[in-house]
Amino acid sequence: GHLASVNSFPFVTWSMYGMPESGDPFVYEYAGILQSGRTTPLVPSRLMPSMAAARIVSKLYRQIGSVNSEHDSTRKADLLTQHWGTLVALGKLHIRKFPDDPMEAIVVSKTIVYLHPQPGVYRSASEVLWRVNIREAAQ
């Protein structure tokens, strides 16, 4: 049944419906450049169990946020090195799983989805943040 009073349960109050986000949403995308020259999305769930993949995706997101918000150049370089290490590890997993066309590099992009674009404007825009060469970084 329904609650007769909010005092009936020891729960905090919460809104049943979410609030709309302000601004345009964005996503980080990871593309693998294969030895053949083909580009393929880097999807961690294809390389490991789904729970581990979800943790890796969250970690990558947090790492990029930390890199982008850091103002100290030395600390920023350290954070970027950690992020690249995570990407290299994913690249190595991809190489082990798909050895016939090994991954050479990973390109990280930020894509903004415009919710209310002006006429004649694309609904999204991507910018490349960085490229990590797997074989060079692995040596």
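Which residue in β3 does Tyr-30 stand opposite? In this predicted model, Tyr-30 faces Val-108 of that strand, and the pairing is a handy place to begin a walk through the fold. Residues are numbered from 1 along each chain as its sequence is written, and in this predicted model local features need pLDDT of at least 70, side-chain atom pairs count only at pLDDT 80 or more, and totals for chains, interfaces and linings use all residues. Side-chain values rest on heavy atoms, with hydrogens and water left out.

The protein chain holds 3 helices and 4 strands; here helices (H or I, at least four residues) and strands (E, at least two) are DSSP runs, numbered from the N terminus. Along the sequence, these elements follow the pattern β-β-α-α-β-β-α. Of the 139 residues, 26% count as buried, where buried means under 20% relative accessible area, exposed over 50%, and partly exposed in between (1.4 Å probe, protein chains only). The accessible surface of the chain comes to about 10,100 Å², with 57% of it belonging to carbon and sulfur atoms; such areas come from the Shrake-Rupley method with a 1.4 Å probe, and for residues only the protein chains shown count as cover. Contacts (heavy atoms within 4.5 Å) also tell something about the chain: among those between residues at least 6 apart in sequence, 62% join residues at least 24 apart.

Turning to the strands, β1 and β3 run antiparallel and are joined by 9 bridges; two strands are taken to pair if DSSP finds at least two bridges between them. β1 also pairs with strand β2 (residues 39-41), again in the antiparallel sense, over 3 bridges. Within that pairing, Ile-33 has Thr-39 of β2 as its bridge partner. The two strands form a hairpin with 4 residues between them, and Gly-37 in the turn has a positive phi of about 95°.

Helix α1 comes next. Its 20 residues (50-69) should span 28 Å at 1.5 Å a residue, and the end C-alpha atoms are 29 Å apart, which agrees; the expected span is 1.5 Å times one less than the number of residues. Ala-53, Leu-60, Gln-63, Ile-64 and Val-67 are the buried residues of α1. Seen down the helix axis, they fall within an arc of 95°, so they line one face of the helix; the arc is that of the directions from the helix axis to the C-beta atoms. Met-51, Arg-55 and Arg-62, on the other side of α1, are exposed. The cover over the buried residues includes β1 (26-34), α2 (73-97), β3 and β4 (124-133).

Within α1, Ala-53 is buried at 4% relative accessibility. Not counting residues up to four places away in sequence, Ala-53 touches Pro-44, Ser-45 and Met-48. The C-alpha atoms of Ala-53 and Val-43 are separated by 8.3 Å, with the two residues 10 apart along the chain.

Asp-72 lies in the loop between α1 and α2 and is partly exposed at 43% relative accessibility. Asp-72 caps the N-terminal end of α2, with a side-chain oxygen 3.3 Å from the backbone nitrogen of Thr-74. A polar atom of the Asp-72 side chain also lies 2.8 Å from the backbone nitrogen of Arg-75. A polar contact is a pair of N or O atoms within 3.5 Å; within protein, one must be able to donate a hydrogen and the other to accept it, and residues adjacent in sequence count only if both atoms are side-chain atoms. Arg-75 belongs to helix α2 and is partly exposed, with a relative accessible area of 38%.

Helix α2 has 25 residues and reaches 36 Å from its first C-alpha to its last, close to the 36 Å expected at 1.5 Å a residue. Its buried residues include Leu-79, Leu-80, His-83 and His-94. His-94 has a relative accessibility of 8% and touches Leu-34, Thr-40, Leu-47 and Met-103, not counting residues up to four places away in sequence.
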